[in-house]
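I opened the model today to look up a few residues and their surroundings. My notes follow.

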Amino acid sequence: MPGINQTDRSNNISARGSRIKQNIWDLDAVLPLSYALPPQSIELAPREVYTNFCNLLSRDVYSEGDAQALYDYIITRADEMSPEFLAMLDLWLVDELKHYEALRRTYHCIAGVDFAEMNRQFAARIHEIEPIELVLADEFTLLVTMMFDEIGSVYSYRRDLWEYYRHFGTAIQKIGHHLVKDEGVHFNNAAELLLTDHQHRLGEVKGLLEQISALEQSLHKYHKTFFLDHAQEQYRFPPQFNSVLIRLILARLGLGQQPEQVELKTLWQWVPIV
């Protein structure tokens, strides 16, 4: 709401008891700015793993930072949103900007890219809202999209841990683990708000998820607005990725059965056939 600052919104979460959670961790303790990757970490990693990780980070760094553009857009419509949603959004932004900084440090350690160069690259980004307007209709739609996007990130980062982070030492691996945990918390926060504040619309969730999935698959590129950033790397995931995620979301909301563990494992261990 206009006039509600972040402190007021945080107090609102505390006052209501809170279904809204946050994974607390200290980036400086895990990966300080002064951290230097041991040279053998790069030497021992398979060359293809190193090259592909650098390419992945060149995308992931900036897509995490795009959270600020999405947040700024939503805040222009704050009078349409509930106080608890806005309070949750504040915590979400804190986490996503921590991810941005964590991945900047990781990219610097792994690829040697200068922070000033990253600043220049990020400042040049153009954030296109219009192609994803479908997922920004109202608070309900934003929460459903957040569930879809965040659970996709959980399994995307799990894959990244398995493919890349584990090769570059404990500090880098810990960053990957925190990314997975944070995105899982965001997924559950969105679910809690849907279950408590939008229960009367739960019947719309399945159809909306199918629309979101179809939109992501039709985009062919990422429009630098945080949501649907997996459009830029669909080739890394099995064809059933979105359909399994949809079933997982429906199960979390009490609208369907949980996918089997073997199906979930496939989401991050699938190897494309070349």
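I started with Phe 85. Leaving out residues up to four places away in sequence, Phe 85 touches Ile 74, Glu 139, Leu 142, Leu 143 and Leu 193. I count a contact when heavy atoms are within 4.5 Å.

A note on the source: this is a predicted model, where local features need pLDDT of at least 70, side-chain atom pairs count only at pLDDT 80 or more, and totals for chains, interfaces and linings use all residues. Residues are numbered from 1 along each chain as its sequence is written, and side-chain values use heavy atoms, with hydrogens and water left out.

Next I checked the nonpolar core (buried Ala, Val, Leu, Ile, Met, Phe, Trp, Tyr and Cys residues joined through side-chain atoms within 4.5 Å). The largest one has 90 residues, and Phe 85 and Trp 92 are among those with the most contacts inside it. Helix α6 (residues 83–111) gives the largest share of this core, 13 residues. Helices here are DSSP runs (H or I, at least four residues), numbered from the N terminus.

Then I went to His 186, in helix α9. Is His 186 buried or exposed? His 186 is buried, because its relative accessible area is 3% and buried means under 20%, exposed over 50%, partly exposed in between (1.4 Å probe, protein chains only). I found His 186 in contact with Trp 92 and His 99, among others. The His 186 side chain makes polar contacts with the side chains of Asp 95 (2.7 Å) and Glu 150 (3.5 Å). A polar contact is a pair of N or O atoms within 3.5 Å; within protein, one must be able to donate a hydrogen and the other to accept it, and residues adjacent in sequence count only if both atoms are side-chain atoms.

Conventions:
Helix = DSSP H or I, 4+ residues; strand = E, 2+ residues; numbered from the N terminus.
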